[in-house]
Amino acid sequence: MNARDIIIRPIVTEKTMKLSSEQNKVTFEVSRDANKISVKQAIKEIYNISAEKVNIVNQHPRPKRVGRYEGMTKAVKKAIVTLPEGQKIDIFNNDNK
């Protein structure tokens with residue numbers, strides 16, 4: 001599996017931006033069959049930074065309703081990557097793509 005197939009996109013929310021600035025952690029949406037080791041290797045290959053730690057979170061689908069229409073949100077697998085001191089990934093201006 002290619003590194004670009006493992007890491008789908010960065011997740012940008014208020015909570016992840018706070019984690020990024022205070023604790024030097026970056027959050028990505030990853031493939032459903034990715035594990036910690038493959039995410040760590042993909043970060044090394046794409047951004048040329050070796051991650052200190054990788055935490056994986058499985059977000060299960062939740063029921064949603066818009067008017068009379070009901071459905072489910074999609075299931076998402078997230079990876080919270082802790083970067084070494086002094087290293088940073090700029091997710092807004094990335095020249096690696």
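Two strands count as paired here if DSSP finds at least two bridges between them. Helices (H or I, at least four residues) and strands (E, at least two) are DSSP runs, numbered from the N terminus. What you're looking at is a predicted model, so local features need pLDDT of at least 70 and side-chain atom pairs count only at pLDDT 80 or more, while totals for chains, interfaces and linings use all residues. Residues are numbered from 1 along each chain as its sequence is written, and side-chain values use heavy atoms, with hydrogens and water left out.

**Hairpin**

- Strands β4 (residues 63-66) and β5 (residues 69-72) pair antiparallel over four bridges.
- Arg 65 has Glu 70 in β5 as its bridge partner.
- Two residues sit between the strands of this hairpin, and Gly 67 takes a positive phi near 65 degrees there.

**Positive phi without glycine**

- Asn 24 isn't a glycine, yet it has a positive phi of about 60 degrees; look for it in the loop between α2 (14-23) and β2 (25-30).
- Asn 48 also has a positive phi of about 60 degrees despite not being a glycine, and its place is the loop between α3 (36-47) and β3 (53-59).
- On accessibility, with buried meaning under 20% relative accessible area, exposed over 50% and partly exposed in between (1.4 Å probe, protein chains only), Asn 24 is buried at 15%, whereas Asn 48 is exposed at 60%.

**Nonpolar core**

- A nonpolar core is a set of buried Ala, Val, Leu, Ile, Met, Phe, Trp, Tyr and Cys residues joined through side-chain atoms within 4.5 Å.
- The largest one has 20 residues, and Ile 7, Phe 28, Val 39, Ile 43, Val 81 and Ile 89 touch the most other members.
- At least two residues of this core come from each of α1 (3-6), β2, α3 and β6 (76-82), with α3 giving the most, at five.
- Setting aside neighbours within four places in sequence, Val 81 is in contact (heavy atoms within 4.5 Å) with residues including Asn 24, Phe 28, Val 39, Ile 43 and Val 54.

**Salt bridges**

- The structure holds two salt bridges, each being a side-chain nitrogen of Lys or Arg within 4 Å of a carboxyl oxygen of Asp or Glu.
- Arg 9 bridges to Glu 29, with the closest N and O atoms 2.7 Å apart; Arg 9 lies in strand β1 (residues 7-10) and Glu 29 in strand β2, so the pair ties together parts 20 residues apart in sequence.
- Lys 74 also bridges to Glu 29, at 3.5 Å between the closest N and O atoms, and this pair links the loop between β5 and β6 to strand β2, 45 residues apart.
- Shared partners join Arg 9, Glu 29 and Lys 74 into one network.
- Glu 29 is buried at 6% relative accessibility, while Arg 9 is partly exposed at 42% and Lys 74 is exposed at 56%.
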